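I opened my notebook for this one and wrote down each thing as I looked it up. Here are the entries, starting from the metal.

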Amino acid sequence: MSNTKDLKEKLFCPKKNLYLKIDDEQFKKAQDFSENYKNFLNSSKTEREATAFFVQKAKENGFEELSLDKKYTPGDKVFRVNRNKSVVLAVIGENNSREGFNVAVSHIDSPRIDLKPNPLYENNEMAFFKTHYYGGIKKYQWTAIPLSLHGKIILKNQESIEVSIGENESEPCFYISDLLPHLAREQMSKTMSKAIEGESLNVLIGSLPFKSDSGSELVKLNILKILNEKYGIIERDLSFAELELVPVFKARDIGFDRSLIGGYGHDDRCCAFPAFEAILSAEKPKKTCVVMLADKEEIGSDGNTGMKSSFFRYFLADLASIDGIKTRHALSKSKALSADVDAAFDPNYPSNFDSLNSSFINRGVVITKYTGSGGKAGASDASAEFIGYLRKIFEENNVNYQFGQLGKVDTGGGGTVAKYVANLNIDVVDVGIPVLSMHSPFEVISKLDLYEMFKAVKSFFK
Ligand code: MN
Ligand code: MN
């Protein structure tokens, strides 16, 4: 009997809940790390806010903007910001750039609801904003919940106005209505993708008319009067803006045992934050280590702040040029983690997952060898050599890992920035943590997995 047990322990893949493996000290570390993470999540709901958070914290920790005129020595810390929506950081290593860089890439944009260029209108004495959703959302999940408005408006005189309204309880918030069940017989018979149309995601922003004897659109007028008094803007200014609606929800512990964190935007801030903390703690790494926090992943990584832009490559080129090395020689020796989340196995929807190849909550970081869909289409498939190399690092540093995939073959799929990193001739694989209810307004992760993510990137940078 015990023979079987011993042999299984020796030969089978371990599948233990992390909690059964770690000691009290590790557990405490994961708890403390989670508290810092929740604070970050609450203060950084958009890519602009996350960039501002990381830049401020980087400066406090001795990072300076990369200068081509400066000589750098091992341990020096540099960063570069891309249009206030993305930031890349590096700690100079002891080795020459010819040896390559160790890179972790995460994204700091999350699915949300953006305002259209001409957003404001009045209908039946209520004022609304027209919207266009950003990223892959199940539209029905974004109705009947409190939303806050974040972003930036550029005035005619080029002055810029920061907007953040709805996060504090003393401030108003916003709302997309849904039809009451009593009248929804037709709506309820539609498929979920049709029940709420993109054009009906109109945000309620007010109902009081401007007090006047006559005239139309008095509610709209009153809203503009309030906006003019608060921000000094007129209707036209709303077109010269990036305004985004996100859920008001604060990050909260989930479960009687408080083992999980619910929050908006875990995808991919639950990897961005640990990657950032890992580079903060990198003292004098052998190879130069780099953390790239990108925008636009949720809409395909296009645009000059997404991973398809040359921003990242140019930064690495500048690092290489400091050592007098050709970029391509540095890139070909570089290694990267595409630090992005995976779909956690959900016991409420077991038929959508291959349980043998799914990631599970509380089992550590997920190595996703390839993403894509329908025959690995569009995937960067990591090589056996590279994941073999990672195994050595993770096991030597007691990083708990598992292998996962985004659901069953032929049920759907998805992509990450891994393939754009691979295009640069860098070895790359997805390593992230499992998320429940991904892309919903309130996603769930495990505290223990979050801390393993920090350990994973830290060991990769060693
Ligand atoms: Mn993601
Ligand atoms: Mn995503």
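**Entry 1: the metal pair.** I began with the manganese ion (ligand 2), which is coordinated by Asp 267 (OD), Glu 298 (OE), Glu 298 (OE) and His 439 (NE2), at 2.0 to 2.5 Å. For me, donors are N, O and S atoms within 2.8 Å of the metal (3.2 Å for Na, K and Ca), and water is not among the atoms, so sites may look incomplete. Along the chain, the donors of this ion follow the spacing D-x30-E-x140-H. I noted where two of them sit: Asp 267 is in helix α7 and His 439 is in the loop between β22 (434-435) and β23 (443-446), 172 residues apart.

A note on what I'm looking at: this is a predicted model, where local features need pLDDT of at least 70 and side-chain atom pairs count only at pLDDT 80 or more, while totals for chains, interfaces and linings use all residues. Residues are numbered from 1 along each chain as its sequence is written, chains are lettered from A and ligands numbered from 1 in the order in which they are written, and side-chain values use heavy atoms, with hydrogens and water left out.

Next I checked the manganese ion (ligand 1). His 107 (NE2), Asp 267 (OD), Asp 340 (OD) and Asp 340 (OD) coordinate this ion at 2.1 to 2.5 Å, and its donor residues are spaced H-x159-D-x72-D in sequence. His 107 lies in strand β4 and Asp 340 in the loop between β15 and β16 (342-343), so this pair ties together parts that are 233 residues apart in sequence.

Which residue bridges the manganese ion (ligand 1) and the manganese ion (ligand 2)? I found that Asp 267 does, and the ions lie 3.4 Å apart.

**Entry 2: buried or exposed?** I used these cut-offs: buried means under 20% relative accessible area, exposed over 50%, partly exposed in between (1.4 Å probe, protein chains only). Asp 267 counts as buried at 3%, and His 439 is buried at 17%. His 107 and Asp 340 are both buried as well.

**Entry 3: the sheet.** I traced 9 strands in an open sheet with mixed pairing, in the order β1-β2-β3-β14-β4-β15-β21-β17-β19. At the edges stand β1 (64-65) and β19 (401-403), each with a single partner strand, so one side of each has no neighbour in the sheet. Two strands pair if DSSP finds at least two bridges between them; helices (H or I, at least four residues) and strands (E, at least two) are DSSP runs, numbered from the N terminus.

I then picked out β15 (residues 335-338) and β21 (residues 427-432), which pair in the parallel sense over 4 bridges. Leu 337 has Val 429 as its bridge partner in β21. Helix α7 (residues 266-280) packs on the sheet and touches β2, β3, β4 (102-107), β14 and β21.

**Entry 4: two helices.** Helix α10 (residues 384-396) and helix α12 (residues 447-461) pack at about 105 degrees, with axes 9 Å apart. Axes are lines fitted to C-alpha atoms, for helices over the stretch in contact (heavy atoms within 4.5 Å), and angles run from 0 to 180 degrees between N-to-C directions. That makes α10 roughly perpendicular to α12 (under 35 degrees is roughly parallel, over 145 roughly antiparallel, 65 to 115 roughly perpendicular, the rest oblique). In α10, Phe 386, Tyr 389, Leu 390, Ile 393 and Phe 394 meet Ala 456, Ser 459 and Phe 460 in α12.
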